[in-house]
Amino acid sequence: MLDPASLTATSKPAATPLVRNAVRMITAPQMRPGTGVVGPPEPDLVRIRDLIYQVAGIFHPENKLCLLQERCNRRMKEIQIATLREYCECLILRPAGQAELIALLNEITIGETCFFRNQPHLDALRQIVIPRILETKAKFPFRRLRLWSAGCSTGEEPYTLSMLLMEETSRRLKDWTFEILATDLNERSLVHARNAVYGSYSTRNLTAYYRLKYFIPVGEQLQVNPAARASVTFSRINLSDDARMTFMRSIDIVFCCNVLIYFDLASKRRVIQHFYNNLLPHGYLFLGHSESLYGVSDDFRLVHLPGATAYVKTERTPAGGSSI
Amino acid sequence: MTTATKQVLMERMEGLRQIPAIPAVLTPLLRYRQQPAEQLDAHKVTDLLAQDKALAAQCLQMANSPLFGRWRRVDSLRGAAVSLGFHHLSDIAMSCGVLNLLPGGTSELDPIVFWEHSLGCALVCRHFARKINFGDPSKAYLAGLLHDLGIIVNLWVLPKEFRGTYELARREGIPLHEAEQKSLGFTHCDSGQLLAEHWELSPELAEVVTHHHNPPGSLNHTGLVALVQLADLLCRMRGFNYGYIEERQVNLLEESGFAVLAQHCPSLREFDWARLTFEMDSYMDDVHSLVRAIYPS
């Protein structure tokens, strides 16, 4: 994941009109809260949820509203605001709203990074997406897969992908080579990623099988073994850097989870345009679990995989539009 | 489905006393739903439901679920009718009625899983219909709830054959209706059509039951059939499946139902499918806990 603090220095902050526009588009509260929440959803919480979806593209279903409430409470305590209504107004109306929105997004995505974070994504990648790509590429002379973890933070995601693909080397990926490009804006995160040493929080989802096969104990921590590290290449890239982005070519699958949420609409569109150009014709784009490209791009088509969603690159028609 | 197969199915259905006879309470309820709103008498409905004590108890349990927007406990059917309204109470009664249609004993397809799928699909149909301003959300709910009636027929009439079919579907990760076509030579749409005729379901519900895997095949209610097809598919891909994972990729815009429904709702072309998908997640926990609380009660 990108470091939002450094990101704001290199990407354009969202213009206030964008937020205002999003607020106008907020719909009335609907449905009902989920288990554990007594009573109908707090209207101001629903407004904040919808604001976050409009501006950042990340959605909290009703059964996750209590988590959003917790995150808001933390921020409200921090900036000494007493009610959700005031906090909602703070996000929308004040000039500081954009900075507060980023602070709230940080709270929302905190602790998101760990190995095997989104199992349905990974299952779908292994069972459906990779076989489809291999089928498409069977006629190509080079039997090579190239994945890109864009906004890889401290490296858990690209190493997970590496382990997953290694598991396939005796089956589907027999006679294939693969590489994983892992990029982030934050140099400190990249140093951590290259060291590949992780504590209990990052490794909490690891099964005994993966722990034994791909990790070496280092004191109280675990280090990814050299075999799993070998196929991952880390480099520092700012997704808003057009020149660097142009050089990322022939990618089969992009993983960009909880990164775009920090970008304003114009920057987001530019990054997505780059992903479109970077990907091969059959390419896939995976976003975070409840992250959406709605209203951002028509160049990708939402597809449903078992328990997960992904975006597939569409072919452009001669008129310049996208075909289904 | 060949004429010979149809004949066999009909004979087996006739031979069964318990099912597929529509539960006594639900027949008048279905008829009631066809009446204009001003003619509806909620008391008549509650009196009707009260005749079946087990059903009434299930209805009350369901009426107190957040799925139906209740935040204060209701202790009587009359209370539920007042606070939820006729259509919601009738949706609840129909939902419990479907649960009671399922055969007991061992089956490859867990009745709980089937009911979760039906209930999940009903809720998604209702929500989806509201979002795209498609007709009566309560009608969409009922259509989603009953779309797989044919599976109930198969479970009762062909338990052994259906077990093999289900195993095939699970092993190959393919849709159930494809496995049925492969192994039985017909699908639950065909057997559901027979039951719909037997029960004298309304024409629109009969079309949903018969064509929900092929909306262009329906004649007069294509929009509703298409809405159910898309909601059903979303449910199966997102977790309200039949107890196994369909190993495939679905682009809803390429489904036949999308083009059909878009003719009825032009706004569908700009629809936010991602948001609908994420919103579905909020039903999961509630449906799981409700189903487990009620079944078998």
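Q: What is the strand order of the open sheet of seven strands in chain A, and what kind of pairing does it have?

A: Strands of a sheet pair through backbone hydrogen bonds, either parallel or antiparallel. In this predicted model, the open sheet of seven strands in chain A runs in the order β6-β2-β1-β7-β8-β10-β9, and its pairing is mixed.

Q: Which strands stand at the edges of that sheet?

A: The edge strands are β6 (232-236) and β9 (300-305) of chain A. Each has a single partner strand, so one side of each is left without a neighbour in the sheet. From one strand to the next, the twist averages 25°.

Q: How many bridges join β2 to β6 in chain A, and do they run parallel or antiparallel?

A: Strand β2 (residues 177-184) of chain A and β6(A) run parallel and are joined by five bridges. For one place to look, A:Ala182 has A:Phe234 of β6(A) opposite.

Q: Which helix lies across β2 and β6 of chain A, and at what angle to β6(A)?

A: That is helix α9 (residues 187-195) of chain A, running at about 165° to β6(A).

Q: What is the order of the open sheet of three strands in chain A?

A: Its order is β3-β5-β4 (chain A), and the pairing is antiparallel. At the edges stand β3 (197-198) and β4 (215-218) of chain A, each with a single partner strand, so one side of each has no neighbour in the sheet.

Q: How many bridges hold β4(A) and β5 of chain A in their pairing?

A: There are four bridges between β4(A) and strand β5 (residues 221-224) of chain A, in the antiparallel sense. Within this pair, A:Ile216 has A:Gln223 in β5(A) as its bridge partner.

Q: Turning to helix pairs, at what angle do α5 and α6 of chain A cross?

A: The axes of helix α5 (residues 84-92) and helix α6 (residues 97-109) of chain A cross at roughly 115° and come within 6 Å. On the α5(A) side the contact is made by A:Cys90, A:Leu91 and A:Ile92; on the α6(A) side, by A:Gly97, A:Glu100 and A:Leu101. By class, this contact has four nonpolar, one polar and one charged residues.

Q: In chain B, how do the axes of α4 and α16 cross?

A: Helix α4 (residues 53-63) and helix α16 (residues 273-294) of chain B have axes that come within 10 Å and cross at roughly 155°. That angle makes α4(B) roughly antiparallel to α16(B). The crossing is right-handed. B:Gln58, B:Gln61 and B:Met62 of α4(B) make the contact with B:Leu290, B:Ala293 and B:Ile294 of α16(B). Four of the contact residues are nonpolar, two are polar and none is charged.

Q: Which residues of α12(B) and α13(B) meet?

A: B:Cys189, B:Gly192, B:Gln193 and B:Ala196 in α12(B) meet B:Leu205, B:Ala206, B:Val209, B:Thr210 and B:His211 in α13(B). These residues divide into five nonpolar, four polar and no charged. As for geometry, the axes of α12 (residues 188-199) and α13 (residues 203-211) of chain B come within 7 Å and cross at roughly 160°. The two helices are therefore roughly antiparallel to each other.

Q: How many residues of each chain are in contact with the other chain?

A: The size of an interface is often given as the accessible area lost when the parts come together. Here the description is by residue: 30 residues of chain B are in contact with 27 residues of chain A. On the chain B side, α14 and α16 each supply at least two residues. The most come from α16(B), with 11 residues. The side of chain B that touches chain A has 11 nonpolar, eight polar and 11 charged residues.

Q: Where is confidence highest and lowest in chain B?

A: It is highest in helix α14 (residues 222-238) of chain B, at a mean of 97, and lowest in helix α1 (residues 3-15) of chain B, at 72. Chain B averages a pLDDT of 85, and 92% of its residues score at least 70. The model scores ipTM 0.86 and pTM 0.84.

Q: Where in chain A is the pLDDT below 50?

A: Chain A averages a pLDDT of 85, with 85% of the residues scoring at least 70. The pLDDT is below 50 over residues 1-37 of chain A, a stretch that has 90 contacts in the model beyond near neighbours in sequence.

How values were computed:
Residues are numbered from 1 along each chain as its sequence is written. Chains are lettered from A and ligands numbered from 1 in the order in which they are written. This is a predicted model: local features need pLDDT of at least 70, side-chain atom pairs count only at pLDDT 80 or more; totals for chains, interfaces and linings use all residues. Axes are lines fitted to C-alpha atoms, for helices over the stretch in contact, and angles run from 0 to 180 degrees between N-to-C directions. Angles under 35 degrees count as roughly parallel, over 145 as roughly antiparallel, 65 to 115 as roughly perpendicular and the rest as oblique. A crossing is left-handed if the near helix is turned anticlockwise from the far one by less than a right angle, and right-handed if clockwise. Two residues are in contact if their C-beta atoms, placed from the backbone, lie within 7 Å. Ala, Val, Leu, Ile, Met, Phe, Trp, Tyr, Cys and Pro count as nonpolar, Asp, Glu, Lys and Arg as charged, and the others, Gly among them, as polar. Two strands pair if DSSP finds at least two bridges between them. pLDDT is the predictor's confidence in each residue, from 0 to 100.
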